[in-house]
Amino acid sequence: MHRHYQVLGPASINTGTGGAIIDCRHWTRRSAGEEEVREIVLHVLPEQMAAARPRLHHVPDGYPAAFIWTEHADNTSIQTHRAVCFGSSRIADPSEATGGFVGSGVPVTKTVFHANPTNRPVAGSAGPQASILGDPDFAELCASLHRLGWDIGLHSPQPDNSTRAANERAIKSLAERYDARVWIDHSCSVIHNGVSALGMVPDQPHYIGDLLARYGLRYCWTFASEDASELYRCGLSIQQTRVGDWAVTPLMWQHPPETGTLWIWPSSAGSDFSVVNAAELDELIDDQGVAIMHAYPAYVTTSDSPPYFIERASEGHWRTTTRFEGSLREIAKRRDMGLLLPTTIRRWCTYVESIKDVDIYPSAAGTWIIRNTGNSPIEGLAVLVPRGHAVSGSGRVILRGDDTVCIRDIRPGEVMEAGAGSCIPSRMPA
Ligand SMILES: [Zn+2]
């Protein structure tokens, strides 16, 4: 399993000689005298019952695999946003989309700049980079995408360094406008208030840990998210099982000594999305994996940079590329077959976090008990049991390979039972 260090970027330690130090901190670092207690419970069971133990799938709603596009906000304009969302920069209404993410019904975890007070321009243009406060049309575009189920989060408050007051305005604004839960660090060599820079170091002006907690932004991308990223050798699955144990990556992780209760999710750098093709998507589905692509879909390209997601159709007019539409078609086709869930970081991370609260243990009657010990309902919980077995409660059932996949919503405290034979009605504990 790859050890993901907390990375404190060059902004945190400047050598004063033009060089910089990147400080990597291991998550097992502990203070002198600190104690940690862990428990393990062993059940000794007949082989037949042990083999029938239910498993919780890490993708909700019964899909074997999931696909998540995540967008970093760098160097974009309202025209390029409209093009990549709707197929053409001439379309402003999601209901009129002819292509792009919205046209194919594929959601995005989209991060944005809240403000651009220095009017930092897009490459090759005098126009400022898009921001929520800088352009009411962009703020409304994000609102319309949020209504479609997209994540709208922060890629730092602005494209350059910001004050603590500006940081709080931005985090509060995104939480109130778009119910934001997601943060993606911008360059840790430029922005001091990132999670990968000084943002989680208390008692200095760039600290944002308290603000993220106060306004509910809890799922983060940091520079440690890709410290073992090997997209072109490892394929689309962010667990990276194709090249041996050294690269195998957790679905998401916490780093308590440095980042408290924030969840860090991994990703693959995928602006050149040539790997988003039929063969790789089918392998992702066979592996029951999760793809999380780190991308710049609305990046304003200049003449010497290759067009990936969008291209110039004429002066000031952008459209999606044939290649990008082809990748979207391959994703949408597998979604429509029930094989691939295009989703967002918020939906998927909330699900993965919540299934950690599901206890599974044997009953005296020879069945398995599945109990939601958390405080939140879990929607679309996918429980895998061997064929011929069932899970109590109402929901859907899919037969896949040697498994029966039972998809249920489970309330806090609710108990379900799994075993051979027909379903047993769900019951609430006393
Ligand atoms: Zn960035």
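The model is a predicted one. The protein has 11 helices and 21 strands. Its radius of gyration is 23 Å, close to the 22 Å that the globule rule gives for 430 residues, so the protein is as compact as a globular protein of that length.

**Overall build**

- Taken along the principal axes, the C-alpha atoms fill a box of roughly 70 × 60 × 40 Å.
- Buried residues make up 44% of the 430 residues.
- Take the contacts between residues at least 6 apart in sequence: 68% of them join residues at least 24 apart.

**Where the domains meet**

- Four residues of domain 1 are in contact with eight residues of domain 2.
- On the domain 1 side, the touching residues divide into two nonpolar, one polar and one charged.

**Helix H11 and Ser354**

- Helix H11 covers residues 345-355. Eight of its 11 residues are buried, so the helix is largely enclosed by the rest of the structure.
- The buried residues of H11 are Ile345, Arg346, Arg347, Trp348, Cys349, Tyr351, Val352 and Ser354.
- Ser354 belongs to helix H11. Ser354 has 20 other C-beta atoms within 10 Å. A residue counts as buried at 20 or more, so Ser354 is buried.
- Leaving aside residues up to four places away in sequence, Ser354 touches Gly374, Ser376 and Ile378.
- Thr322 lies 32 residues from Ser354 along the chain, and their C-alpha atoms are separated by 39 Å.

**Helix H10**

- Helix H10 runs over residues 322-336, which makes 15 residues. From first C-alpha to last it reaches 21 Å, close to the 21 Å expected at 1.5 Å a residue.
- Phe324, Ser327, Leu328, Ile331 and Arg334 are the buried residues of H10. Seen down the axis, they fall within an arc of 130 degrees, so they line one face of the helix.
- Thr322 and Asp336 are exposed on the other side of H10.
- Just after H10 comes Gly338, with a positive phi of about 80 degrees.

**Helix H4**

- Helix H4 has 12 residues, 136-147. Its reach from first C-alpha to last is 17 Å, close to the 16 Å expected at 1.5 Å a residue.
- Phe138, Leu141, Cys142 and Leu145 are buried in H4. They cover an arc of only 95 degrees around the axis, which puts them on the same side of H4.
- The other side of H4 has Pro136, Glu140 and Arg147 exposed.
- Among the elements covering the buried residues of H4 are helices H2 (78-86) and H5 (164-178). Strands S5 (108-112) and S6 (151-154) are also among them.
- Gly149 follows H4, and its phi is positive, near 100 degrees.

Key. Residues numbered from 1 in each chain as written. Predicted model: local features only at pLDDT ≥ 70, side-chain atom pairs only at ≥ 80, totals over all residues. Buried ≥ 20, exposed ≤ 12 C-beta atoms within 10 Å, placed from the backbone. Helix = DSSP H or I, 4+ residues; strand = E, 2+ residues; numbered from the N terminus. Rg over C-alpha atoms; globule rule 2.2 N^0.38 Å. Contact = placed C-beta atoms within 7 Å. Nonpolar A, V, L, I, M, F, W, Y, C, P; charged D, E, K, R; others polar. Expected span 1.5 Å × (residues − 1). Arc of directions from axis to C-beta.
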